[in-house]
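Hi,

Here is the model I promised to pass on to you. Have a look at it first, and then read my notes below.

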Amino acid sequence: MKNEKCPVLNFTQQIGGKWKLPIINTIRNHGTLRFGRIHQMVDGVSRKVLTDQLKSLESAGLLTRKQYEEIPPRVEYSLTEKSKGLCEVFQAIEKWSNLADK
């Protein structure tokens with residue numbers, strides 16, 4: 001059993017921390033977004049931390065970053081198929097949170 005990787009540990013290693021789930025959820029709820037819009041919508045995250053988290057999520061295969069060759073530069077972030085698999089998790093969290101508030 002020790003040699004098997006714990007699914008919860010794997011999950012938290014990929015998307016644990018304070019900001020990754022709110023970032024993914026924001027893009028899930030609003031679709032493809034630019035950096036500035038994500039920064040406005042994820043309350044309290046600094047620009048530097050957001051940049052680091054977006055890079056980490058992209059490296060993990062959870063976000064796609066598309067850069068357009070325009071002036072001024074435009075970059076958009078969207079969910080990958082891998083992160084779309086988290087939609088049921090977010091729905092369960094929302095259901096649990098609504099029940100917990102009662």
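A search of the whole structure turned up five salt bridges, a salt bridge being a side-chain nitrogen of Lys or Arg within 4 Å of a carboxyl oxygen of Asp or Glu. One of them joins the side chains of Glu94 and Arg28, at 2.5 Å from N to O. This pair links distant parts of the chain, 66 residues apart: Glu94 sits in helix α6 (residues 87-100) and Arg28 in helix α2 (residues 20-30). Helices here are DSSP runs of H or I with at least four residues, strands are runs of E with at least two, and both are numbered from the N terminus.

Before going further, a word on the basis: this is a predicted model, in which local features need pLDDT of at least 70 and side-chain atom pairs count only at pLDDT 80 or more, while totals for chains, interfaces and linings use all residues. Residues are numbered from 1 along each chain as its sequence is written, and side-chain values use heavy atoms, with hydrogens and water left out.

Back to that pair. Arg28 counts as buried because its relative accessibility is 19%, whereas Glu94 is partly exposed at 36%. The cut-offs are under 20% relative accessible area for buried, over 50% for exposed, and partly exposed in between (1.4 Å probe, protein chains only).

There is also a network of salt bridges that links Glu70, Arg74 and Glu76. In the bridge from Glu70 to Arg74 the closest N and O atoms are 2.8 Å apart; from Glu76 to Arg74 the figure is 3.1 Å. Glu70 is partly exposed, with 36% relative accessibility, and Glu76 is buried at 18%.

Now the sheet. Three strands make an open sheet in the order β1-β3-β2, with antiparallel pairing; two strands pair if DSSP finds at least two bridges between them. At the edges are β1 (33-34) and β2 (63-68), each of which pairs on one side only. Helix α2 packs on this sheet and touches β1, β2 and β3, and its direction makes about 90° with that of β3. Contact means heavy atoms within 4.5 Å; axes are lines fitted to C-alpha atoms, for helices over the stretch in contact, and angles run from 0 to 180 degrees between N-to-C directions. Six bridges join β2 to β3 (residues 74-79), and Arg65 has Tyr77 in β3 as its bridge partner.

Lastly, Gln53 in helix α4 (residues 47-59) is buried, at 17% relative accessibility. Leaving aside neighbours within four places in sequence, Gln53 contacts Trp19, Lys20 and Ile23.

Best wishes
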